[in-house]
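Student: Could we go through this structure together? I should like to begin with the contact between the chains and then turn to the folds.

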Amino acid sequence: MTLTRPALPDELAHAATPVVGAADRVVAVGPVLAPLFPSAGLVRGTTVAVSGAAATSVAAALGSAASVAGSWVAMVGTADIGAGALDELGLVLERVVVVPQVAPASWATVVGAFVDAVDLVYVQAPPRLSASLARRLGARVRERGAVLVALSSSWPGPADLRVVVEEVAWHGLTGEGGGRLQARELVVAVGGRGQAARPRRQRLWLPGPEGRVAARAEEPAGGLDPGTEGRAEEPAMPSSLAVAG
Amino acid sequence: MIERTLVLWWPRWPIVAATRADPTLDRVADPVVVVQAEVVVAVSPVAAAAGVVEGQRRRTAQQRCPGVRVVAADPALDARAFEPVAAAVAELCPRVEVLAPGTVALATRGPSRYFGGDQALATRLRQVAGAVGSVDSPEGPTDGPRVGIADGLFTALVAARAGAVVPAGAAARFLAPLPIASLALDPALGDQRGRPLADVLGRLGLRTLGDLAALDPADVVGRFGIDGVRAHRLAQGLGGASVVARTPPVDLVVQAELDPPAEQVEAVAFLARALAVELDDRLAASGLACTRVSIEAETEHGESRARLWRHEGALDPTALAERTRWQLDGWLRGDSTAAPTGGITMVRLVPDEVVADHGRQLGFWGERSAADQRAARAVARAQGLLGPDAVLVPRRRGGRAPGEQVVLVPAADELEPGSSPTPGPRRRAPATSGSGSPAPWPGQVPRPAPAAVHAGVVRVEVVDDRGEAVTVSGRGEISGPPARVSVAGGAWAEVRGWAGPWPAYERWWDPPQRRRVARIQVLTDDAARLLLVEGGRWRVEATYD
């Protein structure tokens, strides 16, 4: 006599599929940036290349939610990183490690050490990083479940996501030396493989007039006028100046 | 309950090992010193008579005793030479622990009864060890091993210096008249912490262990913290065991088999390193640190050798691998009667005593989650690869507003408790002038902070609409609105907007480094930059990337 397992009713079978907690495989990016990503965050084990005129700020902002939640952020080869901006963009300084200068020969070893240990590894690749080394690092990232954030458009390995800052516009300069750089509007596009094949775009404040990262309404109210100099006699709205991405 | 402990200690063991390795040296007749990092660590009797003492600089020792023979310290040689002695002791008593080359400890409960009392056991071991250790030359009565028996390891170590058997319960009385410097003998405090602590206590007028024992424990902990409490307990003859050691579960054992059998120590040492790392990972996963480990090896002919090693500061992979190498080196290259007849086929590391791991030397990031511990290990790894100053952490350093005074400081400084709260000259402030001097962050330029602060000097030319170089006067007035800039000799870019200048008189309190500078923000089609002018020359200090 053979025993057969009775078939599960369809509605139960659906409920019984193993669930992997979303929080376990995605590094959260916070509510403002989440709409840019198909998985509402950075999928563990992936490589993300960030490029454009505000790449460093965007990359730092991507890590802030995870940093606040307890993740560590390591930066390797980032010789020019501005520590003040990391603070302002929301990274928890106690969980940030920076290796600004590293010889090309030990670069991959150091990156590998951090990939094994922390959630977010930001890297500035040394010149002439070989594609095979980049691929091997990518494989290690996949195995360890970290997220590798390459701060350059020319990451030689395959990147799962490409975050591109397409437009930059600064607010706050009032002409003739008046005012100051105060707020920045960005258009950020995220594209890549699979689900992300169709690029998602969003207009952001980074930082906004209050110093925070914020979503910007799709159609700017009145003032955004790329390429022209702002005029001082517009007191209500900070004048805008655009920079091509 | 303090375990009654026997310590066999061979005075000047590095001298014994060195003179045995080099037949031209005579340990009794020649003045010999063993030197590590230019500091004398062991002195032969003749050199000691000339006024050479441990801890002296090599140069001083050579002045005191001009004919002295200087030998470089070699812990591997010491350990290898000591292995037959440890083996001889282990033949008579079970569970012999090697604390360091030249020193073994064992619990006396069983052996003492077997040999007819502590005194008989001490005499027996001294004879056996002395016979093994001195096969090549006659031993003076003062130059052989000494045995001490007392309650607890620390008291036994002190007793071994005197060659004394301290009756049970008499530890405090035995220790009371001894100098406070004896604290450095404690393996947990060690030379690094025990000696400075003893120095401070001595300067406070506590010259003997008895003086320290008489203090109120609350006062000691208040002033000297955890090390003070340990020293206080030791001085009272209570033993230092403030942590509960326990026998570990068997699944922590790591072992590896060698096929083909290894005849060379190097081959085994390589494997031992990997084993040590694996054991460390397993211990870390259980939140444990190992203070005593049994290193076991077997040969193809079934010979085996197991030895217990103790290290109060917890055995890290390097220490474990080193001890494995020492033990096997001593066995394989030992004298022919004890050496194995075949190659080594198996090495096993058995943690014998473990304690809860409180983070060891890395415990500075406050409360530590698993992620913090992993990160701390990666930091240590990167420091190992690149040097301690290459790994930086951002820290707030005072400042006018949040975010304006964040600087990168070496993680090593942060790792050391009691380090100066201000960053040293290695600080990577947001900008460094051409001379490389650190500059305070420009508090005058308001938020947001630029995301890229250039470590190197990036020159830039700034001209007004007539093509003349823009300057900033001593009063902070700009000569004309900047119209075009050329970064690092590149093409001219139109200035789309600018702000400033923000003049600053930096480090005015420090004449060699003070400087008068001014900054402007300049927006071009490709980027927004913070430019700095000093002495009429402009450079890009930072980019709002």
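The conversation below takes up the contact between the chains, then a sheet, then a helix.

Tutor: Please note at the outset that this is a predicted model.

Student: Let us look at chain A as a whole. What does its secondary structure come to?

Tutor: Chain A has six helices and 12 strands. Of its 245 residues, 48% count as buried. Among contacts in chain A between residues at least 6 apart in sequence, 64% join residues at least 24 apart.

Student: Now chain B. What is the strand order in its eight-stranded sheet?

Tutor: The order is β7-β1-β6-β5-β10-β9-β11-β8 in chain B, in an open sheet with mixed pairing. At the edges stand β7 (146-151) and β8 (254-262) of chain B, each of which pairs on one side only. On average, neighbouring strands of this sheet are turned by 25° against each other, direction ignored.

Student: Is the pairing of β8(B) with β11(B) parallel or antiparallel?

Tutor: It is antiparallel, and β8(B) and β11 (344-356) of chain B are joined over five bridges. Ala262(B) stands opposite Ile344(B) of β11(B).

Student: Which strands does helix α12 of chain B touch?

Tutor: Helix α12 (265-285) of chain B packs on the sheet and touches β8, β9 (288-299) and β11 of chain B. The direction of α12(B) makes about 30° with that of β11(B).

Student: Back to α5(A). Why does its length agree with expectation?

Tutor: At 1.5 Å a residue, the 12 residues of α5(A) should span 16 Å, and the end C-alpha atoms are 17 Å apart, which agrees.

Student: Which residues of α5(A) are buried, and what covers them?

Tutor: The buried residues are Trp107(A), Ala108(A), Val110(A), Val111(A), Ala113(A), Phe114(A) and Val115(A). Their cover includes β4 (73-76), β5, β6 (120-123), α6 (131-144) and β7 (147-150) of chain A, together with α14 (370-386) of chain B.

Note on methods: Residues are numbered from 1 along each chain as its sequence is written. Chains are lettered from A and ligands numbered from 1 in the order in which they are written. This is a predicted model: local features need pLDDT of at least 70, side-chain atom pairs count only at pLDDT 80 or more; totals for chains, interfaces and linings use all residues. Helices (H or I, at least four residues) and strands (E, at least two) are DSSP runs, numbered from the N terminus. A residue is buried if 20 or more other C-beta atoms lie within 10 Å of its own, exposed if 12 or fewer, and partly exposed in between; C-beta atoms are placed from the backbone. Two residues are in contact if their C-beta atoms, placed from the backbone, lie within 7 Å. Two strands pair if DSSP finds at least two bridges between them. Axes are lines fitted to C-alpha atoms, for helices over the stretch in contact, and angles run from 0 to 180 degrees between N-to-C directions. The expected span of a helix is 1.5 Å times one less than its number of residues.
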